[in-house]
Amino acid sequence: MKVLAYFLYGNDREYLQELEFSVLSAMRFLQNQDEIVIRLICDSDEVDLPIERLVFSPQEFASWTRDRTYLFRAKIGALLKAIDHYDCPVILLDTDTFFTDHPAKLFDRISSVRSLMHQYESTLLESPEPGWRTILKHDIDVQPESPMYNSGVIGLHPTNRALLKDAFEILDRLYDISPVFNVEQFAVGAALAQKTMISICPDVIEHYWGAQKDFIRVQITKALEHNQAERLLTQIPPFQGIYPKVRKRDRILTSLSYFKHWNNNYRRALLAYRSALFYAPQDIEYANAWASNALQALKISNHRSHSADFQCFRQDSINALTWLSPSVKRGWLKFWQQMN
């Protein structure tokens, strides 16, 4: 047996829809075979999908996440639990993934001397996260040229389960120096590289994140609601036209704003903000995607003169936006609180 495993906690609708779409993408290739199975490592037995579950306890989750202070750490614990339970090669997948080729190709890249992650990202020195510079100054075992691999996919043979224990140790040592959000994926890659060659698989699996993720989620939601997931999965390339059209007027005005602020991320935030307000009367899902994108771009812009420019999303007016989702609203309110 070989296991494709997904890790899920909580009951967030968006993650459940991502999971359903990813499972459907795998099942397109897994018909009429029983060697590769799909399993769900989760905290509840009530997920409405026909997948066998491996349930973890609240105590396990607390230990995997440093008492819920760093949630990404739980991926290592979930993979270790799956390998110990099934005693076979296991590939752990993030829910925001989908298959473009047969899953068997992933298992061809796993053995006692080979492991798997999604793809190479950069060296630590090239990482935009400033916390890595702090780590490089204080940890002599981590070098500027050390590679970072994306952990949206992690595949391991059971003979190498001890490497996951090493990943925990590396993660904790570095996290105590600087709690960089992606320290988990570096720790996994560093641990696997001790005894295995790391393979990658962007030719088999798409992993979506960043600005495009909110808009891909909208397409997934619409496809699942209208039983059109198969059509979406067979598009080449997948998710054609990820970003909905923006008004020409908004594009011109926000492009001109660049010459005032000299900050491209701030310009992107303004364009997303105006697009959110434009889409709100006609498509709430896309309006929320734009509102989320506006917040993401504003955070990384590090620009200070934003209160007047984003008037409708300010603390004193955001509650009037009945179309705004609770999670996006919370994000904006938290942002303003941190700015005060």
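Modeller: Two strands are taken to pair if DSSP finds at least two bridges between them. Strands (E, at least two residues) and helices (H or I, at least four) are DSSP runs, numbered from the N terminus. This is a predicted model, in which local features need pLDDT of at least 70 and side-chain atom pairs count only at pLDDT 80 or more, while totals for chains, interfaces and linings use all residues. Residues are numbered from 1 along each chain as its sequence is written, and side-chain values use heavy atoms, with hydrogens and water left out.

The part to examine is strand 6, residues 114–117. Strand 6 pairs with strand 9 (residues 153–156) in the antiparallel sense, over two bridges; here Met117 has Ile154 as its bridge partner. With strand 10 (residues 197–199), strand 6 runs parallel and is joined by three bridges, and Arg114 faces Met197 across that pairing.

Helix 1 has 15 residues (13–27) and extends 21 Å between its end C-alpha atoms, close to the expected 21 Å, a span defined as 1.5 Å times one less than the number of residues. At its start, a side-chain oxygen of Asp12 comes within 2.8 Å of the backbone nitrogen of Glu14. Its buried residues include Leu19, Phe21 and Val23; buried means under 20% relative accessible area, exposed over 50% and partly exposed in between, with a 1.4 Å probe and protein chains only. They pack against strands 1, 2 and 5 and helices 8 and 9.

A nonpolar core is a set of buried Ala, Val, Leu, Ile, Met, Phe, Trp, Tyr and Cys residues joined through side-chain atoms within 4.5 Å. The largest such core has 47 residues, among which Phe7, Ile41 and Trp132 touch the most other members. Beyond its neighbours within four places in sequence, Ile41 is in contact (heavy atoms within 4.5 Å) with residues including Phe7, Leu54, Phe56 and Leu92. Apart from this core lies another, of 43 residues, including Tyr279 and Trp290.

The whole structure holds 30 aromatic pairs, counted where rings of Phe, Tyr and Trp (its six-membered ring) have centres within 6.5 Å; planes under 30 degrees apart are stacked, over 60 edge-to-face and the rest tilted. One of them is the tilted pair of Phe313 and Trp332, 4.8 Å centre to centre with 55 degrees between the planes.

Note on methods:
Polar contact = N/O pair within 3.5 Å; in protein donor to acceptor, adjacent residues only side chain to side chain.
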